[in-house]
Amino acid sequence: MYAQRMIISSSRTKGITMVLIGAVLWGISGTVAQYLFQYYGFSPEWLVVVRLLVSGTILLCLASLKGNQKIWDIWKDKKDVSSLILFSIFGMLAVQYTFFAAIKYSNAATATVLQYLAPAMISCFIAIRAKRLPTIKECIAVVLALLGTFLLVTKGSMSSLSISGIALFWGLTSAVALAYYTLQPLRLLAKWGSALVIGWGMMIGGLSFSLFHPPWKFVGQWSFNAFLAVVFIIVFGTLIAFYCYLESLKYISASETSILASVEPLSAAFLSVVWLHVSFGQEEWLGTLCIISTIIILSFVKNKEGSKANTLSA
């Protein structure tokens, strides 16, 4: 009995550790992207294309080597194909580009926190689709999300915005894209698995965006530090973070994972302030905590549909 409890405890510790690693790596990768935009003049378009194409190729190779299923089988069903294309363009590509655009026009901290409005949006959408009134917890979460957004973009002042209108636009669009990215592929994920669906989503999203922004049309300045930053975003901020998040779901519940993943905006905010010297006052910190509180509250809402929606960040 004691040995069994020790195994369970060890598994929980492993799951908690893995989701924290994944979330922190996601938060750091956003700050590293800001570093590339701010100091080396990289464009979000180029970074998105390269990140999607390289990460998608590696994920599909790993899925193929795993040998559980052939990676091309997903293309045999027309319904799966149409759903995959929609997810790739309006989910995967949209969430990646809008997030990086929000970083470019504001900073990694603000962009990451605004993106975390997605859980509140998902909760409202599920309530509307189910034709029911929101629960008390959902109402509190939405109010906190709105209050957090207000504090973040105005610093508590009714007279002006502390970020530009275009930054606010991309930040809110990023949250909408993340909500769609979370809900739309549930059937595909259940049927084909995360690695295959995410791998193809990245590949298709990258190829489609390449038609408008080819990866060989580079804007910016290369240096050894810039090269390391790009490698970090692709390897650590995408592949390893993705793997850790998914693996954590084997050991802890989706609600626990959602709560622990909220360290992402905190890590992005902290690193932006310490490393890139982003101005982040007490109003912004309070707004950040309000938005993170919505994740914690909504994680305890008993909702069958919501519990299946495992959010994977940019």
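**Exercise 1. Classify V235 by accessibility and locate V235 in the fold.**

Solution. V235 has a relative accessible area of 31%. The classes are buried (under 20% relative accessible area), exposed (over 50%) and partly exposed (in between), with a 1.4 Å probe and protein chains only. V235 is therefore partly exposed. V235 lies in helix 10, residues 224-248; helices are DSSP runs of H or I with at least four residues, numbered from the N terminus.

The model is predicted: local features need pLDDT of at least 70, side-chain atom pairs count only at pLDDT 80 or more, and totals for chains, interfaces and linings use all residues. Residues are numbered from 1 along each chain as its sequence is written, and side-chain values use heavy atoms, with hydrogens and water left out.

**Exercise 2. Determine how many disulfides the structure holds, and examine C139.**

Solution. A disulfide requires a pair of cysteine sulfur atoms within 2.5 Å. For C139, the closest cysteine sulfur is that of C124, at 8.3 Å, so the pair is too far apart for a bond. The count for the structure is zero disulfides. In accessibility, C139 is partly exposed at 37%, whereas C244 is buried at 9%.

Notes. Helix = DSSP H or I, 4+ residues; strand = E, 2+ residues; numbered from the N terminus.
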